[in-house]
Each structure stands twice: as C-alpha cells, then as structure tokens.
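Subject: Structure handover and findings

Dear colleague,

Please find the structure below, as arranged. My notes on it follow directly after.

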Amino acid sequence: MDIWIAGVGEIPCKPSYDGMDFREMLYNAAVKAYFDAGITPADVDGVVSSGMDFYEGVSITDSYTPDQVGGRLKFNTLVSNDALNAFIHGCMLLKTGHFRTILVTAYARASNILNYPEIVLNSFDPYVIRPLTPHLYTVAALDARAFLINSGCEVRDLSLVVVKNKRNALRNPSAAFAENTSVEEVESTEVVSEPLRRGHVAVPCDYAAVILLTTEKGLGKVRVEAFGYAVGSHSLDFSLKAWGQSRWARAAIDMAFKQTRRRRFDFLEISEPFAHSELMVLDALGLVRESVCKTLRDGGFNIDGHLPVNPSGGCIGMGYPLNAAGLQRLVQSVNLLRTGRWESCLVASPDGEVVDGGAAVMLSVEV
Amino acid sequence: MTRATPSRFSPNYLQQLPEDLAKYIQRHGLDKELGRLEGWASSTEKRYTEVEEWQIDNLILTYWHIACMYRHSAGAAFSRFLEGLKNGKILGTRCENCGRVLIPPRIFCEWCFKDVDKWVEHPGTGIISTYSLSYIGTDPRVRFEKPVIVAVIWFDGTVKAVNSSRTVLHAAGMLHKVYGVDPEKVHVGMRVKPVWRKPEERVGSILDIEYFAPVEGGA
C-alpha cells in the first residue's frame, strides 16, 4: 500500500507568537494544509498529534488538539517525542487499511517555557544526574567533544555547519534565524559549554505544522517511500549512552531500506538542535564515501554540493521547534521536492536534544 | 522572548501545595534556592510530614517538578475575553455559518472549520445545567464543612438542541461556583446571574466573576 502526502501547512518560525495561542497557531497551519491538499476536514479519518507535555505545560495535550485541526469527533491519538514519530504512526495507521486520510500535527510554544534547561533536567535520572543540575547544553557538549575526538572533526567544522544552514535559510520564508554569517562570526559568540559556542546552538522557536497523509494516489503530492525508527542504548543516568554517536540513525535507515531499493538521495533534511547533531547523524548514516568532516569542508553538503544537507536552513537557520522539529523538516522537504529541483530526500530527526533515538523518513516525487 | 531561570519557588506555587509540604520546604530553606541539595541525603531518612500519602520520594519528585515554569499566551480570542471580564463584560464570538455562540470565544468554529470574527456580548444570565456539592479540595487534607456548589452555567439564548430528543448539541457557558442559595435547594434549571467583583478588584480573570447567584424570582 502506497502512502502519499496530500498537503502541508505551517506557520513560519518565530521567537514568539505573542498574539496567538497554540490553538490559533494550529488552526492557521491546518487551514493551509487543507487548502494545499484540496480536501476538507470531512475527508479526514483521524488525527495523530505530536506532543511533549513537559514542553507544552499542559497535560494530555492531544485532547486539546482535534478542534483546531478539523479533527472533532474523529480518531485521535498522541505520540510522544519527536514529531517524526507521530508522522510514522500516521503512516502505520494508514497501512492497517482502516483509514484513508490521516492528519498529523505538531507545534512548539518554546516562548511559553520560562525555564527550559530545568524542564529538560526533569527527563534525567533524579538520583545521579539531577542533583548535579547539568545544563542540557553541557550534556550536548559532552556529545560534541566525544564526536570531535571520534571523527577527527574540529570545532571549526561545527561553525561550518552553522554558516551553511544559516545561509540556506535565507531562501526560506519560514526561517527565523537566516543570516549571511561567517565562521569567524560564529566563533566570536560566547562559549556556552566547551566546545560549544552560543552560535552552535539552534535557538528554540514557536512553530506549528500540519501534514495530511493519504492512501489515495490522486490526492498525493509526494510519496512516503519508507520509514524507520530506533532507540539506541541509553539510560536516564547516561551510563549506557554512546557519547558522540547517533546509533539510532543507522538502525532507523536500515529499517527503512528494507522497504525500498533506493540508496541515494538528492538531499537530506536533518533536525539539528546543535551543529554537531547534524554531523553525528551524517556520520552514523554513512551515505558519503569520504569522512563527514572532509565532505563538509569540501562543500559536499552545501546546497549545490553532491549531497545537500538541510537546504531549508535546518533548525539552526529556521529555529528549533522542540518536538515539532521532525514535522518542520518534513514540511520543508515536501516544499523543496515540489520545486522540481530534486526528486528524493531523506528526513531524519532525533527524539530530543541529547537523546540517542530518532526516526528517518524517505520521500520522493514520481517523475 | 522572556527567559528566566528562577532561583526560588514562587509564593503562588507554595500556596498551592499541601500545607505540610509548603511548610517543610520553607522550614528547610528549599524555597530559597533551586538546586540546593544540602541536607538532601539526610532528608531521605525521614518523612517530611505526617500525611501518609506524602513520602520522601514524593518530596524529591515534587521538589524537581516545581521547577517547571511557563507563561501561557492567551491568544487573540481569549485575550479579548479576559479584557472583557476586566471591564465587567462577558464576550463571545458567533459563527455566522452554524449560528453558535462561543463563550469563551474562539476565532474559528470547530464545527464548520471556518474563521469566526463576529463578536457578541452576553449578560451572563442563564441556567444551571449540571452541578455538584463538593466537600473536597485539591489539598488531600481539606474537607469542607459546608459544600461548595460547583456548576456548569448555560447562557440564555445560546442553547442549540434537537427538539425531538431534547439532546443539547451546544451551549455557551462556563464552569463556576454558585453562592447565595441553600445547597439543598440548588437544582438543574435554576436561573442564575454573575456577581462581579468591584471594578478596582478585577484583573482580567475568570475570578473577576466572583460567583453566580440565583436570579430573584427565577425558577
């Protein structure tokens, strides 16, 4: 059974949507998605919401989602962690044969969170990690350091990722942090936790996105070729964490490869809460012959390179919409595929800032 | 964008906690500094309260849970609603397609999935559609001697029902407390009206309506 994306809708990333609540943000994104798909809420069989109650500050967020996306009195479920999981859940519902069209939705109200580092701290072990009160950027920095040592990359390579993504974002009207910047400018930003500088961190943003999935080819704009999801070895207390590695990415793409013969992609969209996140995922995916850092330095991941990575600007260029990052990547991918420049892409998104888990989705347009 | 790393528990939050827990936190200075763990090891050896439900494990979890702080953007429609309350007005929106009045207001109709931009003002008079005499509070130790009447009010002229089955499809209204009536005499269908706080006491909150009271001469 083939699955198609019938339509997408989003509201642009912003540091803060002060004039709207999350319902109004989602309603605006949903109206665009329905218009794009050429269908109405009457055509939708169910809703899959992505949500992280800790981020939203509201429990059972999914219960408050259907009204504003046209899902009243329809099947509704919530999938936690990154929104790519919700998207995959929607695909699997369609594959059951009991649904014809599924709406997937995610939003972020990062501006509502007054103490983001402590919110993330709540996801760590209460006995051996929380008492140490490590900032999540520090935990990420441990990953960054380990990756740099493992891969042979240098801190400058992290800055190259930032420059690439922020420049790519200049073409994206939904991006909030587009900038024609330089490595020197990135490296002049303050150190947050060595080796990470402020410039290496994607800034959290407000955002909402809606995607309409269908099994009807006549409604399809972009085909969902394959998907995979995997959780690496990790524990609340980090004792099992594979520092500096995104093992989930290799496992997720292997799972997806079982569903398609495609092994090459025209571009990649990878959620990168930090500059090194993108390189860690690329390293695990193993899609380039030479090392990740050499390919990066040679411009291979640039928008005109042989494997463009985050031509949308990524989370660093657009803003990091917390758990909505996966859907943000998917919407950008669909938009990029529909420009006619590319025919296939791989979307990958980790389950969080410092989590060894995540999902991969392969999309294509039929030629 | 507002960002803050709080260094202490807010007085508002402490007020919401069970009394024993709030006292414990204050007695040990835990309200002064988040992340302060001096005495943490020794605190695991004793219970902080005599309330059975609250063990030391809960204290630790609660202690960290408190460090979740949010502001909630009210949004375009609800902001105007709150501003109306501050001015002693109950504002709603009306869907021009299905005719429903939405209180609290929305800028969209979830039935018709259309924009809604027609604003209406309602006096707040209506009937009790359902109610309960509540003897308990969210603090597990609290039991009221006199029950609080918690009720859902349906505002006049907003009820859409299927006449043949008396099935109510929609009604604009709100959950609130009812005073000024003997608990034994409250009943479904009782006519009520809002009792507002003094203008200088209103802050743009649902509590600007202090409570609902029976309409004199009402059923």
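Among contacts in chain B between residues at least 6 apart in sequence, what percentage join residues at least 24 apart? The figure is 54%. Please note that this is a predicted model, and that every value in this message is computed from it.

Chain B

Chain B contains 5 helices and 12 strands. Of its 219 residues, 25% count as buried.

An open sheet of 3 strands in chain B has the order E2-E1-E5, with antiparallel pairing. Strand E2 (101-102) and strand E5 (118-122) of chain B are at the edges, and because each has a single partner strand, one side of each is left without a neighbour in the sheet. Strand E1 (residues 90-94) of chain B is joined to E2(B) by 2 bridges, and the two run antiparallel. In this pairing Arg94(B) stands opposite Val101(B).

With strand E7 (residues 143-155) of chain B, the pairing is antiparallel over 9 bridges, and Ser134(B) has Val148(B) as its bridge partner. With strand E11 (residues 191-196) of chain B, E6(B) again pairs in the antiparallel sense, over 2 bridges; here Gly126(B) stands opposite Val192(B).

Domains of chain A

The domain assignment divides chain A into domain 1 (3-115 + 207-218) and domain 2 (116-204 + 224-364). Their C-alpha centres lie 23 Å apart. The contact between them takes 31 residues from domain 1 of chain A and 34 residues from domain 2 of chain A.

On the domain 1 side, the elements of chain A that give two or more residues are strand E1 (3-14), helix H2 (53-56), H4, strand E4 (101-109) and strand E7 (206-214). The largest share of that side, 8 residues, comes from E1(A). By class, the domain 1 side has 24 nonpolar, 4 polar and 3 charged residues.

Leu84(A)

Leu84(A) lies in helix H4 (residues 83-95) of chain A. Is this residue buried or exposed? Leu84(A) counts as buried because it has 33 C-beta neighbours inside 10 Å, where 20 or more are required. Neighbours within four places in sequence aside, Leu84(A) is in contact with Gly326(A), Val347(A), Ser349(A), Ala359(A) and Val361(A). By contrast, Leu132(A), which is 48 residues away in sequence, is 31 Å from Leu84(A) in space, C-alpha to C-alpha.

Strand E10 of chain A

Two of the contacts of Leu84(A), Val347(A) and Ser349(A), point one way from E10(A) together with Cys345(A). Ser344(A), Leu346(A), Ala348(A) and Pro350(A) point the other way, and the residues of both groups are all buried. Strand E10 (residues 344-350) of chain A is accordingly described as mostly covered, with 7 of its 7 residues buried.

Helix H10 (residues 275-285) of chain A is mostly covered, with 11 of its 11 residues buried. The buried residues include the charged Glu278(A) and Asp283(A). H10(A) is followed by Gly286(A), whose phi is positive, near 65°.

Helix H7 (residues 155-168) of chain A packs against H10(A) at an angle of about 100°, with the axes 8 Å apart. The two helices are therefore roughly perpendicular to each other, as angles of 65 to 115 degrees are so classed. The residues that meet are Asp157(A), Leu158(A), Val161(A) and Val162(A) in H7(A) and Ala275(A), His276(A), Glu278(A) and Leu279(A) in H10(A). The residues of this contact divide into 5 nonpolar, 1 polar and 2 charged. An α-helix has 3.6 residues a turn, so residues three or four places apart point the same way.

Yours sincerely

Notes: Residues are numbered from 1 along each chain as its sequence is written. Chains are lettered from A and ligands numbered from 1 in the order in which they are written. This is a predicted model: local features need pLDDT of at least 70, side-chain atom pairs count only at pLDDT 80 or more; totals for chains, interfaces and linings use all residues. Helices (H or I, at least four residues) and strands (E, at least two) are DSSP runs, numbered from the N terminus. A residue is buried if 20 or more other C-beta atoms lie within 10 Å of its own, exposed if 12 or fewer, and partly exposed in between; C-beta atoms are placed from the backbone. Two residues are in contact if their C-beta atoms, placed from the backbone, lie within 7 Å. Domain bounds come from an automatic or database domain assignment. Two strands pair if DSSP finds at least two bridges between them. Axes are lines fitted to C-alpha atoms, for helices over the stretch in contact, and angles run from 0 to 180 degrees between N-to-C directions. Angles under 35 degrees count as roughly parallel, over 145 as roughly antiparallel, 65 to 115 as roughly perpendicular and the rest as oblique.
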